[in-house]
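Welcome, and please open the model in your viewer.

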Amino acid sequence: MRWPIPADLPALLADRPVLATDRRGKYLLLRFEHGVQIVHLGMSGSLRRVSMDEAPRKHDHVDWVFDHAILRLHDPRRFGAVLWHPAATGPVEAHPLLAGLGIEPFDPRFDGKWLHDHFRGKRVAIKQALLAGHAVVGVGNIYASESLFRAGIDPRLPAGKVSRPRCDRLAEAVRATLADALASGGSTLRDYVGATGEPGAYFAIHAAVYERAGQPCRICGSPIRRIVQGQRATYFCPHCQKR
Ligand SMILES: [Zn+2]
């Protein structure tokens, strides 16, 4: 894995109930009375609920054995992580991996003012500022392009130059884009595996710009452009999205 799995995990967790499960960004949190198990699925990880008698296979790294089932971590590329945060060291939100994360897009505090405050003085392009996750988490490469299209903002505009009204539109666009994606089940889940192991489910986002280079904009008909920013592809409509 990305970091060694704590060797004392079995002793730490034996007979301890999971009190709650939640998430910050892409970090899954299993909350115990004495600490938090932090799990990240990396590039290729999956968590599956398997029966007590299902033998581990190649690339299965961790089993959390419950009373009637096993929670099994499978990760062929091993970019994932399994970490332990003891309660005695303070709230898990202060963990170095979580402390720098922006707020969740559906957090009531997330709005245009929040974005505007965070982008103030920043010369980095708005697309990269969104993707960095320091202002808001959850806006990955697809959703950054889609949100900027929806808000009518050129992805190359320096983040600090985006006006407050346009930040308002962008915050609304981020929420709307993610809500649409959630409603349709996600976007790039080519190797998606459900929690009980059902394979092959594939949901395609109805992208307005993403991976549509050269195709007509759904609003104005201009060809969608592809550029590279920070080694990531960005798609936008040069007519609908303004500097
Ligand atoms: Zn257009």
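Start with the whole chain: the centres of domain 1 and domain 2, taken over C-alpha atoms, are separated by 30 Å. To colour the two parts, select 8–94 for domain 1 and 112–236 for domain 2. Keep in mind as you go that this is a predicted model.

Next, select helix α5, residues 141–151. How many of its residues are buried? The count is 10 of 11, so the helix is mostly covered, with buried meaning under 20% relative accessible area. Show side chains for the buried set, which includes Ile-142, Tyr-143, Leu-148 and Phe-149. Asn-141, Glu-146 and the serines Ser-145 and Ser-147 are buried as well.

Move to the loop between α1 (9–13) and β1 (20–24) and pick Asp-15. Its phi is positive, about 65°. Is Asp-15 buried or exposed? Its relative accessibility is 81%, and because the cut-off for exposed is over 50%, Asp-15 counts as exposed.

Finish at Glu-211, in the loop between α6 and β8 (225–229). Here too phi is positive, near 55°, in a residue other than glycine. Glu-211 has 49% relative accessibility, so this residue counts as partly exposed.

Key:
Residues numbered from 1 in each chain as written. Predicted model: local features only at pLDDT ≥ 70, side-chain atom pairs only at ≥ 80, totals over all residues. Heavy atoms only, no water. Buried < 20%, exposed > 50% of the residue type's maximum accessible area, 1.4 Å probe, protein only. Helix = DSSP H or I, 4+ residues; strand = E, 2+ residues; numbered from the N terminus. Domains from an automatic or database assignment.
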